[in-house]
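Please keep the sequence and the coordinates at hand while reading.

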Amino acid sequence: MAGRGSVRASGNFNANQDAETLYKAMKGLGTDEDSIMKLLTSRSNSQRQQIKAAYKTLHGKDLVGDLQGELGGKFETLVVALMTPPTLYDVTSLRNAIKGAGTDEKVLIEILSSRTAQQVKDITAAYRQEYNKNLEDDVTGDTSGHFRRLLVILLQASRQQGVQEGNIETDAQTLFSAGERKFGTDEEQFITILGNRSAEHLRRVFAAYMKLAGYEMEESVKRETSGGLRDLLLAVVKCARSVPAYFAETLYNSMKGAGTDDQTLIRVMVSRSEVDMLDIRADYRRLFAKSLHSAIQGDTSGDYRKALLLLCGGNDA
């Protein structure tokens with residue numbers, strides 16, 4: 001995936017110089033938001049961490065605290081997200097989704113179905129370090145039923161590797177028998193196969209399933225399951241097909257209709273900016289016949305919009 005992000009490390013990087021630029025942008029009357037967003041969106045996350053350290057050394061103050069004091073609203077939320085190391089950002093997103101009344105299932109689904117096995121392991125370790133709690137315990141305490149069971153499987157981060165040639169047809173047949181072919185649904189089979197096989201294996205299973213059932217896997221999941229389990233299974237299927245296409249659709253949904261789901265928009269734009277934003281943009285164009293850039297432009301405003309467009313990094317009109 002190297003080099004598919006819209007944000008890259010800066011070549012002639014000088015943490016002290018950047019720390020000074022940010023300090024000047026915030027001191028005195030008024031804040032130079034343009035300087036802040038241009039600088040932060042043209043540095044990688046690890047460079048931002050170095051700037052944060054340099055800022056503390058030079059000024060004896062916390063950069064994130066100062067930024068929060070100077071900025072406000074959604075722009076502030078976006079900047080704080082950019083300043084958070086990626087694993088910690090996922091960890092805090094999950095924690096906020098679980099704690100308090102009700103669970104934000106959408107966040108659990110998005111993060112646990114799209115991250116690599118190594119990322120999930122890092123998230124689990126960082127969650128324990130940060131909150132002195134076990135992520136799996138917190139997730140199981142807050143969810144139930146088959147939805148909970150699939151989340152637990154995904155948290156194990158132990159999908160099989162590669163393609164098991166001998167199992168492609170049997171897996172397709174098992175899914176068909178568990179859903180379309182019977183009265184009621186055997187969710188257990190869906191969970192086991194979709195939760196444990198590799199993405200490349202699943203793509204072959206989906207093709208075999210289509211031949212067998214005459215339906216795409218997604219159609220059957222929609223018909224055969226409901227609620228949180230349905231949303232999670234759909235995300236798992238979509239991510240097995242293509243993670244960037246999954247995020248293109250997630251971004252589209254965050255902006256369609258009246259109002260904007262800013263939390264999702266910020267989370268995806270920040271967390272994918274150094275990973276696969278260029279692919280997400282291409283898929284957005286292909287799937288929705290408009291550019292991601294124009295969608296953001298039409299749905300947001302002010303410094304928040306400017307910063308999101310810098311993260312988007314180009315218009316595929």
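The largest nonpolar core comprises 94 residues; such a core is a set of buried Ala, Val, Leu, Ile, Met, Phe, Trp, Tyr and Cys residues joined through side-chain atoms within 4.5 Å. Buried denotes under 20% relative accessible area, exposed over 50%, and partly exposed the range in between, with a 1.4 Å probe and protein chains only. Leu67, Leu251, Met269 and Leu292 have the most contacts inside this core. Helix H15 (residues 227–241) gives the most to this core, namely nine residues. Leu292 touches Leu251, Met255, Met269, Met277, Arg281, Tyr284 and Cys312, residues up to four places away in sequence not being counted; a contact here means heavy atoms within 4.5 Å.

The model is predicted: local features need pLDDT of at least 70 and side-chain atom pairs count only at pLDDT 80 or more, whereas totals for chains, interfaces and linings use all residues. Residues are numbered from 1 along each chain as its sequence is written, and side-chain values use heavy atoms, with hydrogens and water left out.

Ser114 is found in helix H7 and is buried, with a relative accessible area of 7%. Its contacts, again without residues up to four places away in sequence, are Cys239, Val243, Tyr246 and Phe247. Ser114 and Cys239 are 125 residues apart along the chain, yet their C-alpha atoms are separated by 6.0 Å.

The largest pocket holds about 720 Å³ of space. On a 1 Å grid over the protein atoms alone, a pocket is an open set of points where a 1.4 Å probe fits, with protein on both sides within 12 Å along at least five of seven lines; its lining residues have an atom within 4 Å of a point. Grid points are joined across faces, edges and corners, and the volume is the space filled by probe spheres set on them. The lining has 34 residues, of which Arg115, Thr116, Ala117, Arg159 and Ala199 lie nearest the pocket centre. Helix H13 gives the most to this lining, with four residues.

The chain as a whole has 20 helices and zero strands, where helices (H or I, at least four residues) and strands (E, at least two) are DSSP runs numbered from the N terminus. Buried residues make up 47% of its 317 residues. Among contacts between residues at least 6 apart in sequence, 71% join residues at least 24 apart. The C-alpha atoms fill a box of roughly 70 × 45 × 35 Å along the principal axes.
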